[in-house]
Amino acid sequence: MIRVLIVAPTARARRALELQLQARGMEVVGSFASVESAAENAPEEEPDVVLIDSGEAAFDDLLESLQVSGFARGTPTVLLATPPAEYVARLLRNGIRGVLPAESALQALALALEAVAHGLLVLDARETAALAAARSFGTAAELPEPLTPREKEVLQWLAAGHGNKEIAARLNISDHTAKFHVASILGKLGASTRAEAVSIGMRRGLILI
């Protein structure tokens, strides 16, 4: 059973999403009105995936919340929204792993949550086109947000085939912190899996061979 944490601005929206997900056999482990509230009051039972309904919030405000809290980098996150093209790559860099229109059917939403929970990237056709366009203007050598020294260290251990628990033990950090670093690396490199992150890291010269 997939455990979902819901973030939506109104009680009515949160309740509607909760009922829909429960009807699909998913467990809702938390429900919050904002990213900040969810980040500060994370439930004891860690979710497999987070669902954010942005409602009428401005995308600049949403991005700022994601950047400051680092919330979406810690857990696979799906966003219900139709962001302008220029925001798609920035949302992915801040941990969003799925973007679906708010009017998406329940079946599509449930499938997206399952896919993202299992490490896949899910985008609507419009977001895919926007992401491809945004990447075509970048250079292979530059990252919009560079890796920190610690993240480079974690990436090196990923390349060696180590999991979160092994990385945590070797760097003397908690499992949660190791998971957070891995999620941040995926977001910054625009990777959907660890293997893809390692491949991108090697191409960019971030990994010592």
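Reader: At roughly what angle do the axes of H8 and H9 cross?

Author: This is a predicted model, in which local features need pLDDT of at least 70 and side-chain atom pairs count only at pLDDT 80 or more, while totals for chains, interfaces and linings use all residues. Residues are numbered from 1 along each chain as its sequence is written, and side-chain values use heavy atoms, with hydrogens and water left out. Helices (H or I, at least four residues) and strands (E, at least two) are DSSP runs numbered from the N terminus, and axes are lines fitted to C-alpha atoms, for helices over the stretch in contact, with angles from 0 to 180 degrees between N-to-C directions. The axes of H8 and H9 come within 10 Å, and their crossing angle is roughly 125°.

Reader: What does that angle make H8 relative to H9?

Author: Angles under 35 degrees count as roughly parallel, over 145 as roughly antiparallel, 65 to 115 as roughly perpendicular and the rest as oblique. The two axes cross at roughly 125°. Therefore H8 and H9 are oblique.

Reader: Is the crossing of H8 and H9 left-handed or right-handed?

Author: A crossing is left-handed if the near helix is turned anticlockwise from the far one by less than a right angle, and right-handed if clockwise. For H8 and H9 the crossing is right-handed.

Reader: How many charged residues does the contact of H8 with H9 have?

Author: Contact means heavy atoms within 4.5 Å. Arg 150, Glu 153, Val 154, Trp 157 and Leu 158 of H8 meet Ile 167, Arg 170 and Leu 171 of H9. Ala, Val, Leu, Ile, Met, Phe, Trp, Tyr, Cys and Pro count as nonpolar, Asp, Glu, Lys and Arg as charged, and the others, Gly among them, as polar. By class, this contact of H8 with H9 has five nonpolar residues, no polar ones and, as charged residues, three.

Reader: H9 also meets H10; what does their crossing angle make H9 relative to H10?

Author: The axes of H9 (residues 164–171) and H10 (residues 175–189) come within 8 Å and cross at roughly 110°. That angle makes the two helices, H9 and H10, roughly perpendicular.

Reader: Which residues of H10 make the contact with H9?

Author: H9 passes H10 in a right-handed crossing. On the H9 side, the contact is made by Asn 164, Lys 165, Ile 167 and Ala 168; on the H10 side, by Asp 175, Ala 178, Lys 179 and Val 182.

Reader: Is Asn 172 buried or exposed?

Author: Asn 172 lies in the loop between H9 and H10, and its phi is near 60°, a positive value in a residue other than glycine. Buried means under 20% relative accessible area, exposed over 50%, and partly exposed in between (1.4 Å probe, protein chains only). Because its relative accessibility is 71%, Asn 172 counts as exposed.

Reader: Is the crossing of H8 and H11 left-handed or right-handed?

Author: The axes of H8 (residues 149–159) and H11 come within 10 Å and cross at roughly 110°, which means that H8 is roughly perpendicular to H11. Leu 155, Leu 158 and Ala 159 of H8 meet Arg 194, Ala 197, Val 198 and Gly 201 of H11. H8 passes H11 in a crossing that is left-handed.

Reader: How far apart are the C-alpha atoms of Leu 206 and Glu 153?

Author: Leu 206 sits in the segment after H11 (194–203). Leaving aside residues up to four places away in sequence, Leu 206 touches several others, including Leu 155 and Gly 201. Leu 206 and Glu 153 are 53 residues apart along the chain, and their C-alpha atoms are separated by 9.5 Å.

Reader: Which strands stand at the edges of the sheet?

Author: Two strands pair if DSSP finds at least two bridges between them. The open sheet has six strands in the order S2-S1-S3-S4-S5-S6, with parallel pairing. Each edge strand has a single partner strand, so one side of each is left without a neighbour in the sheet; these are S2 (27–32) and S6 (122–123).

Reader: Which residue of S5 is the bridge partner of Thr 77?

Author: Both faces of S4 (residues 77–80) are covered, with Thr 77 and Leu 79 buried on one side and Val 78 and Leu 80 buried on the other. S3 (residues 49–53) joins S4 in parallel through four bridges. S4 and S5 (residues 96–100) also pair in the parallel sense, over four bridges. In S5, the bridge partner of Thr 77 is Ile 96.
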